[in-house]
Amino acid sequence: MSDETKVDNPGKEKQAKSASTSGSAVLPGAQSEKTPPAPGPAQLAPRSGPDPKLGAMPLKRAHILVLGNEKGGSGKTTTAMHLITGLLHQGYRVGSMDLDGRQRSLTRYVENRQVWMDQNSVTLPMPAHTVIARSELDTVTEREADERARFEFELAKRLQACDVVLLDCPGTDTFLSRLGHACADTLLTPMNDSFVDFDLLGRVDPENYDILGPSVYSEMVWDARKRRAISDGGTIDWIVMRNRLSTLDAKNKRRIEYVVESLSQRIGFRTAKGFGERVIFREMFPSGLTLLDLKEKGVGAQMSMSHVAARAEVRQLMEVLALPLGEPAHVI
Ligand SMILES: Nc1ncnc2c1ncn2[C@@H]1O[C@H](COP(=O)(O)OP(=O)(O)OP(=O)(O)O)[C@@H](O)[C@H]1O
Ligand SMILES: [Mg+2]
């Protein structure tokens, strides 16, 4: 199997290739420090402004949306799949990077989508996708330098060729995950509606559910925000989203809501209600489809009430995210 899977439509690939020659900026900073520095000014150029090479032509880089949480299985890849298809159907040029080179779930999803389209002679919009495989070089320094170089190269291509780039992080603290967090414009953290998941964000008093302090993942995001501010003055809009919401267990739900809201005020993130526990969010993975594809010509699936409710949840999430993308450049 190759180190890198790229599934893309030909038009975008052409754009991405031409962009790569001018956009492979190198991020500054020591290779082996634990938290990598945020990307430098050449990489994270202003979202709009003069392009020195093109005179009056505006240079607009893509918005970077990172799906991150050190807790495994919280819904990062599922949310990424739905946001990617949602944004594609809105007409945006979407880049995606799978930073979980071991599981490669997002990559598998995109591959499945391509296979399904080929087998059914249906054309659906596709992201400009790649996976950054883990380095197998000998030393930590060499591995980090290798991963950083491939990450920067692929990101730079997509920053110029796309409107938005989604980075799907692994559910563990890896160098690639920290690189991804360091360049987020928007960070979306899905968490299962459980105190086990919340424990990575904050510690709570078991008696009255008051917040005792931030936990390991919140501290990592805090660090990424600081570094980003120092590096290019940029900010990270952090949104925590509760996932797999149950219709049962109302007491647990209220308590989680309370602690998430309390922590959000304390450390500064926004909250989103997220997705309910629904089979539709996982059952179409083998075909690479999501419920947002169901109305497309050739897909031919029936919409149930549960599908309609799930679509509304995805749309609500997109509204809360409020990504500053402007009008899509082309309509699909
Ligand atoms: N809203 C939902 N309803 C039903 N199932 C869901 C929902 N969200 C996620 N799942 C399921 O939960 C499991 C974990 O989801 P997913 O793989 O997206 O999490 P992850 O955060 O990407 O995991 P990892 O940290 O391992 O990368 C999967 O089986 C997925 O299908
Ligand atoms: Mg995942």
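**Ground rules**

I noted that residues are numbered from 1 along each chain as its sequence is written, while chains are lettered from A and ligands numbered from 1 in the order in which they are written. Since the model is predicted, local features need pLDDT of at least 70 and side-chain atom pairs count only at pLDDT 80 or more, whereas totals for chains, interfaces and linings use all residues.

**Entry 1: the sheet**

I began with the strands, which, like helices, are DSSP runs numbered from the N terminus (helices are H or I with at least four residues, strands are E with at least two). Two strands pair if DSSP finds at least two bridges between them. I found 7 strands in an open sheet with parallel pairing, in the order S5-S4-S6-S3-S7-S10-S11. Strand S5 (128-131) and strand S11 (270-272) are the edge strands, each pairing on one side only.

**Entry 2: strand S7**

Next I asked: what does S7 pair with, and over how many bridges? Strand S3 (residues 63-67) pairs with S7 in the parallel sense over 3 bridges, and strand S10 (residues 237-243) pairs with S7, also parallel, over 7 bridges.

Is S7 covered or exposed? S7 (residues 186-192) is mostly covered, with 7 of its 7 residues buried. Buried means 20 or more other C-beta atoms within 10 Å of the residue's own, exposed means 12 or fewer, and partly exposed is in between, with C-beta atoms placed from the backbone. I saw that Thr186, Leu188, Pro190 and Asn192 point one way from S7, while Leu187, Thr189 and Met191 point the other way.

**Entry 3: helix H10**

I checked the length of H10 (residues 305-321): at 1.5 Å a residue its 17 residues should span 24 Å, and its end C-alpha atoms are 25 Å apart, which agrees. The expected span is 1.5 Å times one less than the number of residues. The buried residues of H10 are Ala310, Glu313, Val314, Leu317 and Leu321. Seen down the axis of H10, these buried residues fall within an arc of 95°, so they line one face. That arc is taken from the directions from the helix axis to the C-beta atoms. On the other side of H10, I listed Met305, Val308, Ala312, Arg315 and Glu319 as exposed.

**Entry 4: ligand 1**

I counted 19 residues around ligand 1, the closest being Lys76, Thr77, Thr78, Gly171 and Arg282. A residue is near a molecule or strand if its C-beta atom, placed from the backbone, lies within 6 Å of it. Helix H2 (76-89) and helix H9 (280-283) each give two or more residues to this shell, and H2 has the largest share, 3 residues.

**Entry 5: two positive phi values**

Arg244 has a positive phi of about 55° although it is not a glycine. Arg244 sits in the loop between S10 and helix H8 (250-267), and counts as buried because it has 20 C-beta neighbours inside 10 Å. Ala322, in the segment after H10, has a positive phi of about 45° and is not a glycine either. With 11 C-beta neighbours inside 10 Å, Ala322 counts as exposed.
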